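Colleague: I am new to this structure. Could we go through its salt bridges together?
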Amino acid sequence: MRRTLIAGNWKMNGSFAANRSLLSEIKAGLPANLLCDVLVCPPAPYLVQAVELLSGSAVMVGAQDVSVHTQGAFTGEVSAAMLQDVACKYAIVGHSERRAYHAESNELVAQKTQQLLTVGVRPVVCVGETLEQREGGQTNEVVAAQLNAVLDVVDNLSDLVIAYEPVWAIGTGKTATPEMAQEVHHFLRRQVAVRDAGAAEKVQILYGGSMKPENARELLAMPDIDGGLIGGAALKSRDFLAIIAAS
Ligand code: PEP
């Protein structure tokens with residue numbers, strides 16, 4: 001039985017004051033019998049603040065990206081070891097915004113995944129097709145290429161979290177129907193199963209793309225949807241808590 005993971009991707013939002021309010025509201029609103037794992041991914045300068053504010057709570061902290069390099073003269077980069085050092089448990093890699101705005105390739109995302117696994121930070125590997133690719137019938141081909149580049153370099157596949165985020169659904173208010181999402185999640189799990197059937201049963205596959213309180217329950221009820229990677233709705237405590245309650 002896979003545990004549900006509800007993860008908030010704050011993107012480039014937040015401030016000391018706003019984070020303090022948001023996290024205290026989330027902490028106060030968590031159910032006493034929390035049945036899922038909860039993760040927040042603030043921007044890098046606020047990781048330490050989030051770790052401190054969440055100490056003693058069940059909510060974990062993750063990063064939104066990581067350097068492909070281990071250490072040294074790479075101005076502006078943050079290494080996997082640094083994320084591990086500040087108690088990040090997870091890091092997102094291959095988000096579509098990084099693939100689009102920073103030209104991140106499947107191979108680069110695979111190398112970032114390796115960096116994280118080396119230090120024991122769990123990667124949340126994002127895959128997803130654009131609208132053009134979906135309309136061109138290329139969804140499976142695109143997500144398989146994105147995922148397989150990562151699977152090729154990872155030994156223990158159950159160390160991964162995968163997030164299916166159709167690009168056309170991110171921040172647009174358009175959500176994949178539960179059936180559409182389930183179809184791709186099932187396909188992704190089969191990609192893992194080809195290499196390791198045991199890991200395929202264990203690996204969590206999150207859905208991301210305009211998940212909100214109104215659609216979370218239906219999406220999370222699908223057999224291969226093991227949680228959510230949530231952008232906009234993760235910045236409002238009421239919405240984030242409602243998604244947690246729906247899991
Ligand atoms: C995301 O960016 O990971 C995301 C899913 O955003 P939103 O929920 O706002 O669509």
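This is a predicted model: local features need pLDDT of at least 70, side-chain atom pairs count only at pLDDT 80 or more; totals for chains, interfaces and linings use all residues.

Colleague: How many salt bridges does the structure hold?
Modeller: There are 13 salt bridges, each defined as a side-chain nitrogen of Lys or Arg within 4 Å of a carboxyl oxygen of Asp or Glu.

Colleague: Which residue pairs with E97?
Modeller: E97 pairs with K11, and their closest N and O atoms are 2.8 Å apart. This pair links distant parts of the chain, 86 residues apart: E97 lies in helix α4 (residues 96-101), and K11 in the loop between β1 (5-9) and α1 (16-29). Helices (H or I, at least four residues) and strands (E, at least two) are DSSP runs, numbered from the N terminus.

Colleague: Turning to E129, is that residue buried or exposed?
Modeller: E129 is buried, at 0% relative accessibility. Buried means under 20% relative accessible area, exposed over 50%, and partly exposed in between (1.4 Å probe, protein chains only). E129 forms a salt bridge with R134 at 2.7 Å, N to O, and R134 is partly exposed at 24%.

Colleague: Which residues are linked in a network of salt bridges?
Modeller: The network links R2, R189, E201, D224 and D226. Within a salt bridge between R189 and D226, the closest N and O atoms are 2.7 Å apart. Both R189 and D226 are buried.

Technical notes: Residues are numbered from 1 along each chain as its sequence is written. Side-chain values use heavy atoms; hydrogens and water are left out.
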